[in-house]
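Take a look at the helices of this protein. We will follow one along its length, then turn to how two others pack.

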Amino acid sequence: MNGGTEEVGVEGEGKAGVGGAARDGEMETGTEAAAAAVSLETLRKRMADFARERDWEQFHSPRNLLLALVGEVGELSETFQWKGEVPKGLPGWDEAEKEHLGEELADVLLYLVRLSDMCGVDLGKAALRKMEINARKYPVDQCKGSSKKHTHYGSTNSDSTNDNVNTSNKEHSNGA
């Protein structure tokens, strides 16, 4: 894919992954401004093109993509393993560690974008909807400065209990 900016992909090290290239030398780099302005739709289209060009669509079932995503989250977790609590900005991390972290974060994002595409979910819309739900579940006046789960707050908004029953059993983590 020569689209004028960076190549969008997830490691391609001899397996039918989502894309390519940060680790095998195929990566094209664009300007930082272009990278900062990338949209989910741009990523979705480029990931679809990337997979189609390599005839990898056959491997990209939702199940396979989910399992690959879980593997990438594991690799992301390894970057923090044994480091203790890591403060914002990653003080004490060298540039190679930060670059590796960026690659692992990108792998997770790209698999997530590809999975949402293969499931027919508009990830941007879903994320905005979820943020609205979380705003109702965690009203500022009740939860500011607290990490307690939404069920702790005596919200009278009945919508918050019905908005997403699948999240009612999850532990609170950044409002998700």
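How many residues does helix α3 have, and how far does helix α3 reach from its first C-alpha to its last? This is a predicted model. In it, α3 runs over residues 62–80. That is 19 residues, with a reach of 28 Å.

Now look at which side chains are hidden. Leu65, Leu69, Glu72, Leu76 and Thr79 are the buried residues of α3. They lie on the same side of the helix, because the arc they cover around the axis is only 65°. The spacing has a simple background. An α-helix has 3.6 residues a turn, so residues three or four places apart point the same way.

Turn to the face of α3 that points away from this buried side. Here sit the exposed residues Arg63, Val70 and Glu78. As for the buried residues of α3, their cover includes α4. Just past the end of α3, Trp82 adopts a positive phi of about 70°.

Helix α4 spans residues 95–118 and also packs against α2, residues 40–53. The angle between this pair is about 80°, and their axes are 9 Å apart. α2 is therefore roughly perpendicular to α4. From α2, the contact draws on Leu40, Leu43, Arg44, Met47, Ala48 and Ala51. From α4 come Leu109, Leu110, Val113, Arg114 and Asp117. What classes of residue make up the contact of α2 with α4? There are 8 nonpolar residues and 3 charged ones, with no polar residues.

Conventions: Residues numbered from 1 in each chain as written. Heavy atoms only, no water. Axes fitted to C-alpha atoms, helices over the stretch in contact; angles between N-to-C directions. Helix = DSSP H or I, 4+ residues; strand = E, 2+ residues; numbered from the N terminus. Parallel < 35°, antiparallel > 145°, perpendicular 65-115°, else oblique. Contact = heavy atoms within 4.5 Å. Nonpolar A, V, L, I, M, F, W, Y, C, P; charged D, E, K, R; others polar. Expected span 1.5 Å × (residues − 1). Buried < 20%, exposed > 50% of the residue type's maximum accessible area, 1.4 Å probe, protein only. Arc of directions from axis to C-beta.
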